[in-house]
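The report below takes the helix pairs in turn and then moves on to some local details.

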Amino acid sequence: MPKIHSPAAAATVSTRTMTTRTLVFCALLAAMQVVLARLIVPMPAADVRFSIEAVPVFLAGALFGPVPGALVGFGSDMIGCLFSGYGYNPIFALPPILYGLCGGVFRGWLSRKTSFFRVLLAFLPAVVLGSILYQSAALTYVYSKDGVFMVAFLTRLAARSLQFALTLVVEAAVTDLLFRSRIFHRVGLWPAKPHND
């Protein structure tokens, strides 16, 4: 194998290797999200789903940065719709994107110290702004045909607040357990490094 003599060439090889590695891990996390969201969870209605689907998307952001996290959220949601039977509607894409963004935005903070409470706080903006507020409004807009938007929105908001209060705790606990298991340390993905963005 030829030796690399110039620092610029070495940096190029290193960047390409990291990009390939990032793509592979992000693809695995996206596949995990699809399985968790669509194939092994109870889904009694189009707008009700109990799962820990946000964990792989959040991890993509925490491990690789906000842009890969957002792309994993968007891509896995779009691919997952192929398995749901409800079809794809881009109006619902914002919450999974927010989970990846939040994981990326809080990655430096989580790298310094990872705990259940910190993971819970890092999930919170995506849960409140995306899954509860935005998604309740989007679901009401798409599925409410009776014309009384505010009543349907408030009913859905109350139900989703309870649902996501529960799933928030479970998702934060699972994510914290994964960090505590040191599995990401063993494969060299954690603590997060700035050049992985």
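Helix 2 covers residues 54–64 and helix 4 covers residues 94–105, and they pack at an angle of about 40° with their axes 6 Å apart. Here the axes are lines fitted to C-alpha atoms, for helices over the stretch in contact, and the angles run from 0 to 180 degrees between N-to-C directions. Helices (H or I, at least four residues) and strands (E, at least two) are DSSP runs, numbered from the N terminus.

The model is predicted, and local features need pLDDT of at least 70, while side-chain atom pairs count only at pLDDT 80 or more and totals for chains, interfaces and linings use all residues. Residues are numbered from 1 along each chain as its sequence is written, and side-chain values use heavy atoms, with hydrogens and water left out.

The crossing of helix 2 and helix 4 is right-handed; a crossing is called left-handed if the near helix is turned anticlockwise from the far one by less than a right angle, and right-handed if clockwise. In this contact (heavy atoms within 4.5 Å), A54, V57, F58, G61 and A62 of helix 2 meet P96, Y99, G100, C102, G103 and G104 of helix 4. By class, the contact of helix 2 with helix 4 has seven nonpolar, four polar and no charged residues, where Ala, Val, Leu, Ile, Met, Phe, Trp, Tyr, Cys and Pro count as nonpolar, Asp, Glu, Lys and Arg as charged, and the others, Gly among them, as polar.

Two packed helices are described by the angle between their axes and the distance between the axes. The table gives these values for each pair discussed here.

| Helix pair | Angle | Axis distance |
|---|---|---|
| Helix 2 and helix 4 | about 40° | 6 Å |
| Helix 3 and helix 4 | about 160° | 7 Å |
| Helix 2 and helix 7 | about 50° | 10 Å |

Helix 3 and helix 4 are roughly antiparallel to each other, and helix 3 passes helix 4 in a right-handed crossing. On the side of helix 3 the contact is made by P66, G69, A70, G73, F74 and D77, which meet P96, I97, G100, L101, G104 and V105 in helix 4. The residues of this contact of helix 3 with helix 4 divide into seven nonpolar, four polar and one charged.

Helix 2 also packs with helix 7 (residues 149–180), and these two helices are oblique to each other, with a right-handed crossing. From helix 2, A54, V55, F58, L59, A62 and L63 meet E171, V174, T175, L178 and F179 in helix 7. Here the residues of the contact of helix 2 with helix 7 divide into nine nonpolar, one polar and one charged.

Which rings pair up? Rings of Phe, Tyr and Trp (its six-membered ring) pair if their centres lie within 6.5 Å, and planes under 30 degrees apart count as stacked, over 60 as edge-to-face and the rest as tilted. By this rule the count comes to eight aromatic pairs. One of them is formed by F92 and Y143, whose ring centres are 6.4 Å apart and whose planes are at 5°, so the pair is stacked. Because F92 lies in the loop between helix 3 and helix 4 and Y143 in helix 6 (residues 116–143), the pair ties together parts that are 51 residues apart in sequence.

Two backbone details remain. The peptide bond from W190 to P191 is cis, with omega near 0°, and P191 is found in the segment after helix 8. R182, in the loop between helix 7 and helix 8, has a phi near 65°, a positive value in a residue other than glycine.

Definitions and conventions. Angles under 35 degrees count as roughly parallel, over 145 as roughly antiparallel, 65 to 115 as roughly perpendicular and the rest as oblique.
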